[in-house]
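Please read the points below with the structure open beside you.

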Amino acid sequence: MKTLILYLSQDGQTQKIAVQLAQEIGDCELVKLTDFKGNLADYEQIIIGSPVRYGRFKACLYQFIAQHQAQLKQKKTGFFGVNLTARKKEKSTPETNSYVRKMLQKNEKIWQPTHCAVFAGALRYPHYHFMDRQIIRFIMFLTGGVTDTTQEIEYTDWQKVTEFAQKFQ
């Protein structure tokens, strides 16, 4: 089955997850969502992945879904959201992760993916610009996370990524 994996990535972790999915599924085309110029009809399965930044998915994600809703509804599809909130077990499913739950509710009449997942991202303080570092540090302070700005921590549960990939093999 030919699979298209579209992704958005802010700091690289969503792309890293998309690459891992492509390797595990096989026969995939991997494209940044904003660079996709093809036809969704050419694929049997479509997976879309996007990070959350400052509590939101990017507007272009919603625009893409609205623009391609008819084709998405006809395919086996998947969506995965990536955020640091998902590092907490109680917020690591589509039902318990507020960002993914809100996205699915917002698109309820437009498109509902066949399979959905939430993956914890990575905290890469040294790579953030000064203001981003301070904002993320404050958010992590409020949520009981790591605030040492010299730290880099990958929270992604790669076994969960494998389990999601198996749904498309």
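1. Contact here means heavy atoms within 4.5 Å. By that rule Tyr125 touches Arg133, Ile136, Arg137, Met140, Val146, Thr147, Asp148, Thr149 and Gln151, leaving aside residues up to four places away in sequence. Tyr125 is found in the loop between strand E6 (122-124) and H5. Helices (H or I, at least four residues) and strands (E, at least two) are DSSP runs, numbered from the N terminus.

2. This is a predicted model, in which local features need pLDDT of at least 70 and side-chain atom pairs count only at pLDDT 80 or more, while totals for chains, interfaces and linings use all residues. Residues are numbered from 1 along each chain as its sequence is written, and side-chain values use heavy atoms, with hydrogens and water left out.

3. Is Tyr125 buried or exposed? Tyr125 counts as buried, because its relative accessibility is 0%. Buried means under 20% relative accessible area, exposed over 50%, and partly exposed in between (1.4 Å probe, protein chains only). The C-alpha atoms of Tyr125 and Met1 are separated by 39 Å, and the two residues are 124 apart along the chain.

4. The strands form an open sheet of five, in the order E2-E1-E3-E4-E5, with parallel pairing. Strand E2 (28-32) and strand E5 (115-120) stand at the edges with a single partner strand each, so one side of each has no neighbour in the sheet. Two strands pair if DSSP finds at least two bridges between them.

5. Strand E3 (residues 45-51) is mostly covered, with seven of its seven residues buried. Gln45, Ile47, Gly49 and Pro51 point one way from E3, while Ile46, Ile48 and Ser50 point the other way. E3 pairs with strand E1 (residues 3-7) in the parallel sense over five bridges, and Gly49 is the bridge partner of Tyr7. Seven bridges join E3 to strand E4 (residues 76-83), also in parallel; here Ser50 has Gly81 as its bridge partner.

6. E4 and E5 run parallel and are joined by six bridges. Val82 stands opposite Phe119 in E5. Helix H1 (residues 13-25) packs on the sheet and touches E1, E2, E3, E4 and E5. The direction of H1 makes about 170° with that of E1; axes are lines fitted to C-alpha atoms, for helices over the stretch in contact, and angles run from 0 to 180 degrees between N-to-C directions.

7. How many salt bridges does a search of the whole structure find? The search finds five. A salt bridge is a side-chain nitrogen of Lys or Arg within 4 Å of a carboxyl oxygen of Asp or Glu. One of them joins Glu154 and Lys16, with the closest N and O atoms 2.6 Å apart. Glu154 lies in strand E7 (residues 152-154) and Lys16 in helix H1, so this pair ties together parts that are 138 residues apart in sequence.

8. Glu152 forms a salt bridge with Arg124, the closest N and O atoms being 3.7 Å apart. Glu152 is in strand E7 and Arg124 in strand E6, so the pair ties together parts 28 residues apart in sequence. Glu152 is partly exposed at 40% relative accessible area, whereas Arg124 is buried at 18%. Lys16, Arg124, Glu152 and Glu154 are linked in a network of salt bridges.
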